Amino acid sequence: MIYPVTPWAIIDLLAILPLFGGVSDMLVLFRIFRLFRLFRIFKGLKYSTNFDLFITSLKKQKSTLLTLLFLTFAYTIISALIIYNVEIEAFPTFLDALSWSASSLANISFGDSFVIYTAAGKIIAILSSFIGIALIALPSGVITASFMTELHRFQLQEKREEREEREREKAEQAAENATKKE
């Protein structure tokens with residue numbers, strides 16, 4: 001198939017036509033289809049050994065990562081309930097407390113939107129930040145450890161296959177030499 005009549009070429013044409021003027025503004029929407037071309041980048045990932053190892057390590061640690069995700073959600077709700085009951089003036093709704101809890105868990109500027117007045121609220125904020133650091137860091141450590149284990153296993157398998165190949169070549173050479181001597 002030649003490029004000018006392929007679907008991608010037609011989308012490209014429809015995307016650049018509005019630049020020349022005199023064409024309906026409706027065609028501007030076709031520029032969005034050009035963004036789909038970015039997904040072609042991901043086609044190269046299927047040939048990447050490291051990406052396969054990463055996906056394998058995620059699959060093997062699925063239960064651990066889901067447990068950490070559950071703990072994160074549970075902690076966010078629990079800290080929102082606590083701060084909502086301690087800082088009544090600062091959080092008029094539970095949704096505000098939930099927003100504060102999520103942002104303090106991720107350590108992103110919870111003090112900009114809500115002012116904590118009481119000492120108990122400040123202690124809760126400090127503990128929430130510390131626990132947030134731990135809950136955000138744990139998945140990184142789990143994924144890294146699992147990836148390194150998979151990488152080590154892959155390297156050992158490659159070495160084993162190379163050794164077996166060398167041994168097979170030596171055996172073939174020995175058999176060849178034996179037939180030549182006869």
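Visitor: Why are H4 and H5 called oblique to each other?
Guide: The axes of H4 and helix H5 (residues 94-105) come within 8 Å and cross at roughly 125°. Axes are lines fitted to C-alpha atoms, for helices over the stretch in contact, and angles run from 0 to 180 degrees between N-to-C directions. Angles under 35 degrees count as roughly parallel, over 145 as roughly antiparallel, 65 to 115 as roughly perpendicular and the rest as oblique. The value of roughly 125° therefore makes H4 and H5 oblique to each other.

Visitor: On what basis are these values given?
Guide: This is a predicted model, in which local features need pLDDT of at least 70 and side-chain atom pairs count only at pLDDT 80 or more, while totals for chains, interfaces and linings use all residues. Residues are numbered from 1 along each chain as its sequence is written, and side-chain values use heavy atoms, with hydrogens and water left out.

Visitor: What is the handedness of the crossing of H4 and H5?
Guide: The crossing of H4 and H5 is right-handed. The term is used if the near helix is turned clockwise from the far one by less than a right angle, and left-handed if anticlockwise.

Visitor: Which residues make the contact of H4 and H5?
Guide: Contact means heavy atoms within 4.5 Å. From H4, Thr 72, Tyr 75, Thr 76, Ile 77, Ser 79, Ala 80, Leu 81, Ile 83 and Tyr 84 take part, and from H5, Phe 94, Ala 97, Leu 98, Trp 100, Ser 101, Ala 102 and Leu 105. By class, the contact of H4 with H5 has twelve nonpolar, four polar and no charged residues. Here Ala, Val, Leu, Ile, Met, Phe, Trp, Tyr, Cys and Pro count as nonpolar, Asp, Glu, Lys and Arg as charged, and the others, Gly among them, as polar.

Visitor: Is Thr 76 buried or exposed, and how do you know?
Guide: Thr 76, a residue of helix H4, has a relative accessible area of 10%. Buried means under 20% relative accessible area, exposed over 50%, and partly exposed in between (1.4 Å probe, protein chains only). Thr 76 is therefore buried. Not counting residues up to four places away in sequence, Thr 76 touches Leu 98, Ser 101, Ala 102 and Leu 105.

Visitor: Why are H4 and H6 described as roughly antiparallel to each other?
Guide: H4 and H6 pack at an angle of about 170°, with their axes 11 Å apart. By that angle, H4 and H6 are therefore roughly antiparallel to each other. By class, the contact of H4 with H6 has 16 nonpolar, four polar and no charged residues.

Visitor: What does Leu 65 contact?
Guide: Leu 65 lies in helix H4. Leaving aside its neighbours within four places in sequence, Leu 65 is in contact with Leu 58, Pro 139, Val 142 and Ile 143. Leu 65 and Val 142 are 77 residues apart in sequence and 7.8 Å apart in space, C-alpha to C-alpha.

Visitor: Why does Leu 66 count as partly exposed?
Guide: Leu 66, in helix H4 (residues 62-86), has a relative accessibility of 47% and therefore counts as partly exposed. The C-alpha atoms of Leu 66 and Pro 139, 73 residues apart along the chain, are separated by 9.6 Å.

Visitor: What makes H3 and H6 oblique to each other?
Guide: The axes of helix H3 (residues 49-60) and helix H6 (residues 119-181) come within 8 Å and cross at roughly 125°. H3 and H6 are therefore oblique to each other, and their crossing is right-handed. By class, the contact of H3 with H6 has seven nonpolar, five polar and three charged residues.

Visitor: How many helices and strands has the chain?
Guide: The chain has six helices and zero strands. Helices (H or I, at least four residues) and strands (E, at least two) are DSSP runs, numbered from the N terminus. Buried residues make up 21% of the 182 residues in the chain. Residues 24 or more positions apart account for 57% of the contacts in the chain with a separation of 6 or more.
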